Amino acid sequence: MIKKSAIEISQLCKYYLESGRQHVIFKDLSLSVMAGEFIVLLGRSGSGKSTLLNLISGLDPPSKGHIEVNDIHLCELTEQQRTIFRRHHIGFVFQAYNLIPTLTVAENVLLALELIHAISDYDRDQVVNLLTQLDLADCLDAYPDRLSGGEQQRVAIARALIHNPDIILADEPTGNLDIDTGKQVLALLENLVRKAGKTLIMATHSEEVTGKADRVFVIKNKALTWVTDKR
Amino acid sequence: MRRLLKKASRHFLYLHPWQLVIAILGITLGVAVVISIDLALESALHAFKQTTQALSGKASYRIIASDGGLDEKLYTHLRVGQGVQNLSPVVNGYVHSTAITAKTFKLVGIDPLIENTFQSAWRQDNKTGNNLRLITEPNTVLISQQTAQSMQLQIGDSFPVTTDTGQHILKIINWLPENNARELFTHLLITDISTAQELFGVIGKLSTIDVVLAHDPAATIQRIRQALPANVLLMPLNEQAESLRQMTQAFSLNLTALGMLSLLMGMFLIYNTVSFLVIQRRLLFGSLRSIGVTRQQICRLIIEEALLLAMIGTVLGILLGVILGHSLLPLISGTINALYFPVDHSVLKLSPLQIGKGCLLGIATTLLAVLVPAWEAYRLPPHRLLLRSELESGVRRFIQSAAWLAVLFIFLGLSLVLLTGNNISMGLAGIFLMLFGFALLTPQVSFVLMTMLERLLARSPSVLVRLPVRMVKAEISRTGCAIATLMIVVAATIGMDLMIGSFRQTVSEWVQISLPADLYVSLSGNMQASHKSAADHSLKQQLAKLNEVEMLSSVLRTQLFRGHTRNKVSVFEINEKSRQGFIFKQQSHEIWTAFNHQNSVFVTEPYAYHHGLELGDNILLRTAQGEQAFAIIAIYADYSGDQGHLAMSRNNYLRYWPDLGFSGIGIYAKEGSNMIQLEARVKQLLQPYQAVKSEKAIYQLSMQLFEQTFRITETLRWLAGMIAFLGVFSALMAIQFERTRQFGILRAIGMTSGQLSWLISIETGLMGLIAGLFAVPVGFIMAYLFIFVVYLRSFGWTLAFYFNAGVVFQGFMLALVAAVLAAVLPALKMAHTRPADALRNE
């Protein structure tokens with residue numbers, strides 16, 4: 001069976017202006033990701049890993065080049081259209097968790113569904129189930145600032161998965177966690193994503209994660225270099 | 001280390017310049033409004049005092065009579081008979097010139113030969129001999145060179161003027177001197193006393209006699225007083241000026257209170273902004289404390305920053321205050337002119353005392369406003385500074401305590417209002433205390449209301465519906481203060497609108513009732529003029545003969561001495577219909593019989609209030625036959641002035657005082673008469689300086705004057721409102737801008753910018769809703785206290801409270817609209833901010 005390409009990136013450039021000077025983050029970057037693949041992006045801090053994830057998710061538009069996700073040309077979309085695209089197709093897990101502090105754990109996850117359609121009892125049950133899977137059944141009505149780092153990240157993972165997106169993007173999801181907690185979170189994430197057959201792209205500077213990925217790339221000197229390929 | 005500490009802290013301020021600007025603007029506007037009112041008031045009253053002093057020179061006493069004027073023979077008697085030297089007779093009045101532009105001049109007639117002793121500011125050197133030309137050549141005047149040039153006149157030129165006696169030609173023989181008082185001479189003409197007597201038709205009469213006491217003043221005073229008739233007084237000049245100044249005390253106090261209200265709003269604005277600046281840097285302060293910076297250093301840093309803002313804001317505030325003062329001065333001078341006494345054209349005078357006052361106000365207000373945030377930063381341990389949730393839970397405990405304190409303030413304020421008798425300052429202080437208390441109560445009220453709303457919305461499946469309510473409640477440290485500021489502004493707006501509206505309605509009804517006649521003839525003119533009385537009587541007879549006229553009434557507005565003060569008196573000829581023109585607050589039985597045939601008076605409410613008089617009290621008035629007692633048989637409403645006056649029947653008046661003619665005649669037309677024809681026929685009988693108006697026209701003029709006197713209040717209210725809305729805007733925007741990261745998260749998970757705009761608008765709208773709802777009862781209370789406490793104590797007026805639903809609705813909508821508008825900029829900003837950039841926002 002020929003696997004379909006989930007993400008096609010070609011000739012991608014991203015730069016920004018600061019104090020009148022142009023800073024290039026990367027230049028002529030090309031990448032093709034198959035559906036269901038687990039891709040790891042390695043690179044030092046500031047190499048452009050987060051930027052690449054932002055571009056794929058439509059959070060940021062590229063300076064030049066093309067990005068196609070599930071046959072949708074992101075560069076041709078307006079900002080509004082990119083937001084709606086992201087709502088349906090992308091699940092994002094951030095390093096800093098980025099939960100809404102004024103919503104409870106359950107409400108943070110429900111919000112991702114409410115942005116797509118009106119909430120039903122079924123949705124609520126789905127949220128409870130997912131949070132239970134993530135060992136958060138006791139925290140449904142708690143506010144994020146009362147949770148540990150690991151718990152918050154698990155809530156973030158639940159929020160990223162609840163609406164059944166095609167692509168999960170994780171930007172250094174264990175960056176703020178201790179080693180053991182980080183391992184647990186990674187295992188959970190990988191398990192859930194693999195089980196559901198989702199495409200997962202994870203940015204990290206932890207080499208331990210690379211062993212689980214299908215392919216590993218490194219962003220270095222403003223370019224993407226392929227490191228390993230288990231396919 | 002201090003340099004680095006300051007740099008670390010101030011970098012935040014440089015990154016948020018608009019917050020810095022808003023903080024400075026708040027101090028600037030608050031100080032500016034207070035300074036401008038103070039400046040304009042002091043300048044207007046100072047000009048009056050200076051003019052009096054400049055014209056009277058070294059004179060320390062003044063001999064005055066009631067409106068009938070002084071007999072010239074008295075002067076001769078004092079000089080020759082009593083041997084009192086250093087007396088200066090004066091005749092003064094107003095002339096109108098239409099040369100080039102219409103101008104009104106104060107014309108002062110003096111004895112040029114005597115003025116040397118008095119060293120009045122206008123005095124010329126005798127070398128020129130021009131003083132004597134004032135005596136030898138009739139109708140000659142001294143005028144300010146600047147004024148003459150504006151009229152394109154030179155020395156030797158003539159120009160026409162109009163007085164009650166007709167048109168006259170005056171000739172300029174010299175300029176008034178260029179000295180320190182030259183600004184006061186812009187609308188002054190100096191002439192010989194005989195010329196003035198002829199121009200005003202007061203031959204044989206004087207307006208006043210000024211006295212310089214050189215040797216043995218006590219004996220001289222005694223000699224003069226013994227020689228004076230019973231209806232003439234010798235008064236110290238400074239006492240007279242001071243008593244006139246005191247008349248404006250209530251007016252000044254109320255204006256000052258308005259200014260202080262602006263400063264109170266400015267204070268909230270500063271507190272808002274400074275506390276935001278502290279809260280937003282709590283992580284920075286927490287980090288600094290964690291690495292060893294002491295709490296004293298943090299506290300000092302905050303206070304030093306606030307002081308710097310205060311100094312910049314105060315300097316700008318004083319500058320702006322001077323500019324605003326220029327605009328307010330004509331309004332305030334005009335009001336004092338209309339309601340109290342003539343204030344010649346004033347010039348703004350900034351004194352070191354006022355600058356000092358402005359500096360003290362600006363700095364003290366800022367320090368007061370910064371105390372609480374500085375104390376919080378001082379008090380909290382580093383780990384609590386770093387934890388936002390700890391901060392908010394701490395604030396929630398604080399607002400609960402503040403609510404109890406608020407109740408105490410409100411109770412104290414109410415006690416001050418109710419238990420301080422007639423003291424205006426205490427009444428105003430009480431109102432301010434209550435206002436402050438309500439502001440302190442607002443965060444707790446907001447928290448409770450949001451909790452109730454949250455419970456109500458708990459049943460809703462939608463998370464988005466609950467989110468704005470949670471946002472308001474969760475960040476009560478910020479939202480509470482913003483809501484309180486908005487509440488104060490709107491409450492003040494509602495309160496003042498209700499107060500002014502009630503006043504307007506009361507005055508409108510009073511004017512309509514007190515004008516029972518169909519037409520009113522105004523007989524202006526110098527009452528000292530010898531021909532006036534006969535002319536007025538002749539005119540009255542002619543009016544009575546007109547076919548359409550059913551009956552007439554008349555009034556003479558004069559002044560009589562009660563003790564050592566001159567009191568305004570209205571002398572009435574009442575008919576059956578004109579009796580309906582009085583709104584009695586208290587009255588004895590059979591008042592009309594007593595009014596016409598017994599020694600009795602009516603007094604107006606303000607008069608009774610200011611003099612502590614009641615029904616049945618006796619008033620002693622000076623007559624030529626000595627003091628006579630007049631019983632108070634009624635107290636009636638009168639809103640034409642706040643000092644009040646007496647009312648007496650013409651029968652009673654003529655028993656003791658000379659017939660000075662009339663000030664006005666009321667014409668009651670027969671049923672079915674053509675009023676336009678009647679008015680035209682009446683006009684034909686009048687002199688150029690006399691006028692006839694219908695009661696409708698007078699009503700309109702009266703209401704115009706009312707609006708004019710409240711223009712100052714309106715202007716200041718708008719200024720105060722601007723300050724406060726600025727503050728509220730900045731607070732609401734700061735809250736939203738602070739959530740840039742949170743909004744970035746929502747955008748990242750799929751919320752469109754349109755949905756986000758709605759969210760922001762609903763949140764700020766909720767805050768506006770709370771502020772509006774709370775402002776309505778607070779506004780009511782304010783209006784009630786202003787009407788029944790402040791205005792009563794200040795002016796002696798009892799007003800009716802007129803509820804205007806439109807005002808309340810307008811105020812409420814103001815709160816809502818202001819809050820929603822404050823969402824526009826943040827919403828626009830978020831629409832144009834990339835979610836990725838927003839997520840990076842710290």
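So, salt bridges between chain B and chain A: there are four of them. Keep in mind that this is a predicted model. How many salt bridges do we get over all chains? That count comes to 25.

Let me zoom in on one that crosses between the chains. The side chains of B:Arg470 and A:Glu107 meet in a salt bridge, at 2.6 Å from N to O. On the chain B side, B:Arg470 sits in helix α17, residues 463-474, and on the chain A side A:Glu107 sits in helix α3, residues 105-114.

Are those two partners buried or exposed? B:Arg470 counts as buried because its relative accessibility is 9%, under the 20% cut-off. A:Glu107 comes in at 8%, so that one counts as buried as well.

Now, what about the contact as a whole? Chain B puts in 28 residues and chain A puts in 31. Between them the two chains bury about 2,600 Å², with 57% of that on carbon and sulfur atoms.

Let's move to salt bridges inside chain A. A:Asp121 pairs with A:Arg124, and the closest N and O atoms are 3.8 Å apart. Those two are three residues apart in helix α4, residues 121-133, so about one helical turn separates them. A:Asp121 is exposed, at 58% relative accessible area, and A:Arg124 is partly exposed, at 30%.

There's another pair in helix α6 of chain A, residues 179-196: A:Arg194 and A:Glu190 are four residues apart there, so again it's about one helical turn. Their side chains meet at 3.7 Å, N to O. Here A:Arg194 is partly exposed, at 34%, while A:Glu190 counts as buried, at 18%.

Some salt bridges also share partners. That joins A:Glu107, B:Glu454, B:Arg466, B:Arg470 and B:Lys473 into one network. If you've got the structure open, click through those five names.

Okay, on to the nonpolar side of things. The largest nonpolar core has 106 residues, and the ones touching the most other members are B:Leu255, B:Ile332, B:Leu486, B:Met487, B:Phe503, B:Leu716 and B:Tyr791. Which helix gives the most to this core? It's helix α18 of chain B, residues 476-513, with 18 residues. There's also another core lying apart from that one, with 95 residues, including A:Phe38, A:Leu77, A:Tyr97 and A:Leu177.

Let's pick B:Leu716 and look around. Ignoring neighbours within four places in sequence, B:Leu716 is in contact with B:Val33, B:Ile37, B:Leu255, B:Leu258, B:Ser262 and B:Leu328.

B:Leu328 also shows up next to B:Ser36. Leaving out residues up to four places away in sequence, B:Ser36 touches B:Gly321, B:Leu324, B:Gly325 and B:Leu328. You'll find B:Ser36 in helix α2 of chain B, residues 17-56. That serine is buried, because its relative accessible area is 0%.

For a contrast, let's go out to the surface. There's a nonpolar patch made of B:Leu308, B:Met311, B:Ile312, B:Val315, B:Leu316 and B:Leu319, and together they have about 520 Å² of accessible area. One of them, B:Val315, is in helix α12 of chain B, residues 295-339. B:Val315 is exposed, with a relative accessible area of 51%, so it clears the 50% cut-off.

Last stop, a couple of backbone angles. Most residues other than glycine have a negative phi. A:Lys222, though, has phi near 65°, a positive value. Where is A:Lys222? In chain A, in the loop between β9 (215-220) and β10 (223-229), and it's partly exposed at 41%.

Over in chain B, B:Glu590 has a positive phi too, near 50°. B:Glu590 is in the loop between β15 (584-587) and α20 (591-597). This one counts as exposed because its relative accessible area is 62%.

Note on methods: Residues are numbered from 1 along each chain as its sequence is written. Chains are lettered from A and ligands numbered from 1 in the order in which they are written. This is a predicted model: local features need pLDDT of at least 70, side-chain atom pairs count only at pLDDT 80 or more; totals for chains, interfaces and linings use all residues. Side-chain values use heavy atoms; hydrogens and water are left out. Patches are made of residues with over 30% relative accessible area and no salt bridge: like charges are joined within 9 Å, nonpolar side chains (Val, Leu, Ile, Met, Phe, Trp, Tyr) within 5 Å. Accessible areas come from the Shrake-Rupley method with a 1.4 Å probe; for residues, only the protein chains shown count as cover. A salt bridge is a side-chain nitrogen of Lys or Arg within 4 Å of a carboxyl oxygen of Asp or Glu. Buried means under 20% relative accessible area, exposed over 50%, partly exposed in between (1.4 Å probe, protein chains only). A nonpolar core is a set of buried Ala, Val, Leu, Ile, Met, Phe, Trp, Tyr and Cys residues joined through side-chain atoms within 4.5 Å. Contact means heavy atoms within 4.5 Å. Buried area is the accessible area (1.4 Å probe) that two parts lose on being put together, summed over both.
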